[in-house]
Amino acid sequence: MRYGRTSMVNFLSRLVMSLSGFVATIVLTNTLGRERYGTYVVVLSVLAWVAIAGDLGVTAAVKKRISESTDGNYLSAGIAVQFVLYAAVAVCLWIARPYLNGYMEIQATWVLILLLAARLAANFVQSVLDGQHLVHVSSVLTPVEWTSRSIVQVLLVLSGAGVAGAFAGYVVGAVVGALIGAYFVSASLALPSKRDLAQLKSYAQFSWLASVKGRTFLSMDTLILAVFVTNAVVAVYEIAWNLASLFAIFGSSIQRTLFPEISKLSSESGIGGEITGLLRVSLAYSGLFIIPGLVGGALVGDIVLQVYGPGFDTGYYILLILTFARLLYGYQGQFITTLDAVDRPDLTFRINAVFVAANLVLNLLLTWQYGWYGAAAATTVSAAIGLVLGYYYASQVLEVVVPIAEIGKQCIAAGAMVAVVYPLRTVVGESLPLVTVLVGIGAGFYFLVLLVLSREFRTTVEDNLPFAVPVFRE
């Protein structure tokens with residue numbers, strides 16, 4: 001796997017990010033309580049949606065055009081368009097503040113506008129670095145941002161700042177990430193031409209829906225759930241969602257790493273066997289962590305949720321449903337990333353349109369009828385629909401080789417993990433420290449079994465270690 005080390009850097013960076021966020025979230029939930037933490041979650045969910053309006057596919061277009069070549073002033077064009085969009089959205093938010101404040105149950109529209117500026121800046125800088133094939137650099141920015149955010153949030157919340165401290169930490173983290181990332185941007189600023197703007201528009205007009213689709217998957221259920229239930233219930237649902245997302249970070253790292261490489265290959269030599277091979281590899285490793293994560297969640301998820309405070313363990317079944325949804329969405333993402341990279345945003349537009357419509361309708365109907373179980377089910381079904389469509393359209397553009405054998409070996413290794421962890425779980429009972437040890441034992445046994453079963457995995461491990469160590473050489 002040629003890009004394994006870059007993927008691993010991205011993964012480890014995001015793992016650090018997730019762990020720092022995990023610690024901060026524990027402090028926030030235990031200090032703020034479910035109701036006030038739920039309010040924080042709702043505000044961030046609104047932020048995620050207005051950030052889409054402030055972007056409209058600009059960052060995706062900038063990443064794509066910069067990754068293709070050094071011609072054109074795409075950085076300058078992107079900055080100009082991004083600023084105009086932000087200003088327009090900020091004005092709209094201020095006009096709509098009575099309704100926003102009522103929905104969020106907090107007078108925080110001005111905070112939302114500030115959060116939006118910080119979020120857009122950080123996202124833009126990371127997209128530019130990804131386009132310049134500096135994924136290993138941009139990957140480090142995310143844990144830097146999250147660690148900075150977590151430190152400030154913990155200090156302020158523990159000092160009595162409440163929800164305001166949580167918002168302040170978010171802004172500080174995003175600003176720190178954006179400033180550090182800007183230092184590594186190598187493109188120079190110049191007045192953009194009409195052609196530069198047209199090239200961005202030609203890609204952004206299709207790619208903007210990808211942002212809507214991604215955000216639909218991540219928080220449509222949370223937004224609709226907030227209409228039908230209390231913020232305390234939303235808080236538990238969001239914690240389950242965050243844990244499910246933790247297992248999916250390796251698959252996301254592969255997508256982020258391979259996009260600029262596939263984009264460059266397709267622009268230089270067209271769609272060929274090497275791109276087919278990269279897609280196969282991405283599918284083979286997308287479930288590497290989330291498959292055992294799903295099994296592990298079933299074994300010890302109820303105990304892990306208790307660390308967030310009283311009442312959070314009620315999200316056990318929600319955790320399992322959302323983890324499965326994340327698994328499906330991860331495979332779907334590999335197909336869509338490949339289509340975007342080979343400059344077929346028109347096809348991803350179709351997939352995303354169906355996904356968004358299905359997710360919205362299912363969330364409204366199922367959440368209304370079945371509460372948070374309906375929201376989780378709607379997310380899962382829409383992910384399955386997107387996966388089927390992603391496979392279908394990718395097959396129309398290139399040869400798709402699904403590595404069924406490798407995915408099967410991961411499932412077998414996860415099953416073997418159950419045989420070891422389940423008996424131990426019955427012995428240790430509800431002890432969180434001992435369950436934490438079990439998680440480590442289970443993970444180690446899973447990878448050991450996978451090394452024995454999969455020659456491809458052994459080769460990948462050997463090829464990407466920073467030092468030469470034979471791993472079960474035959």
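Contact, in this tour, means heavy atoms within 4.5 Å. Among contacts in the protein between residues at least 6 apart in sequence, 81% join residues at least 24 apart. The structure is a predicted model, in which local features need pLDDT of at least 70 and side-chain atom pairs count only at pLDDT 80 or more, while totals for chains, interfaces and linings use all residues. Residues are numbered from 1 along each chain as its sequence is written, and side-chain values use heavy atoms, with hydrogens and water left out.

**The whole chain**

Begin with the entire protein in a cartoon view. It has 17 helices and zero strands; helices (H or I, at least four residues) and strands (E, at least two) are DSSP runs, numbered from the N terminus. Of the 474 residues in the protein, 54% are buried. Buried means under 20% relative accessible area, exposed over 50%, and partly exposed in between, computed with a 1.4 Å probe on protein chains only.

**Stop 1**

Select Thr25, which lies in helix α1 (residues 4-53). Thr25 is buried, with a relative accessible area of 14%. Not counting residues up to four places away in sequence, Thr25 touches Tyr37, Ile239 and Tyr308.

With 7% relative accessibility, Ser150 counts as buried. Ser150 and Thr25 are 125 residues apart along the chain, and their C-alpha atoms are separated by 8.2 Å.

**Stop 2: salt bridges**

How many salt bridges does the count come to? The count comes to six, a salt bridge being a side-chain nitrogen of Lys or Arg within 4 Å of a carboxyl oxygen of Asp or Glu.

Select Glu145 and Arg119, which form a salt bridge whose closest N and O atoms are 2.7 Å apart. Glu145 lies in helix α6 (residues 135-158) and Arg119 in helix α5 (residues 109-131), so the pair ties together parts that are 26 residues apart in sequence. Both Glu145 and Arg119 are buried.

Move on to Glu456 and Arg280. Their salt bridge has its closest N and O atoms 2.8 Å apart. Glu456 lies in helix α17 (residues 455-464) and Arg280 in helix α11 (residues 273-286), so this pair ties together parts that are 176 residues apart in sequence. Glu456 is partly exposed, with a relative accessible area of 22%, and Arg280 is partly exposed, with a value of 24%.

Then select Lys409 and Glu406, a salt bridge in which the closest N and O atoms are 3.7 Å apart. Lys409 and Glu406 are three residues apart in helix α15 (residues 404-428), and are therefore separated by about one helical turn. Is Glu406 buried or exposed? At 9% relative accessibility, Glu406 counts as buried, whereas Lys409 is partly exposed, with a relative accessible area of 24%.

**Stop 3: helix α7**

Select residues 163-184, which make up helix α7. The expected span of a helix is 1.5 Å times one less than its number of residues. The 22 residues of α7 should therefore span 32 Å, and its end C-alpha atoms are 33 Å apart, which agrees. Which residues of α7 are buried? Among them are Val163, Phe167, Tyr170 and Val171, together with several glycines, including Gly165, Gly169, Gly173, Gly177 and Gly181.

**Stop 4: helices α12 and α16**

Display helix α12 (residues 290-305) beside helix α16 (residues 432-453). The two pack at an angle of about 175 degrees, with their axes 10 Å apart. Axes are lines fitted to C-alpha atoms, for helices over the stretch in contact, and angles run from 0 to 180 degrees between N-to-C directions. The angle makes α12 roughly antiparallel to α16, since angles under 35 degrees count as roughly parallel, over 145 as roughly antiparallel, 65 to 115 as roughly perpendicular and the rest as oblique.

Show side chains next: Pro292, Val300, Ile303 and Val304 in α12 meet Leu432, Val435, Val439 and Tyr446 in α16.

**Stop 5: Leu438**

Remain on helix α16 and select Leu438, which lies in it. Leu438 counts as buried, at 4% relative accessibility. Leaving aside neighbours within four places in sequence, Leu438 is in contact with Val421, Leu424, Arg425 and Val428. Finally, select Tyr422: Leu438 and Tyr422 are 16 residues apart in sequence and 9.3 Å apart in space, C-alpha to C-alpha.
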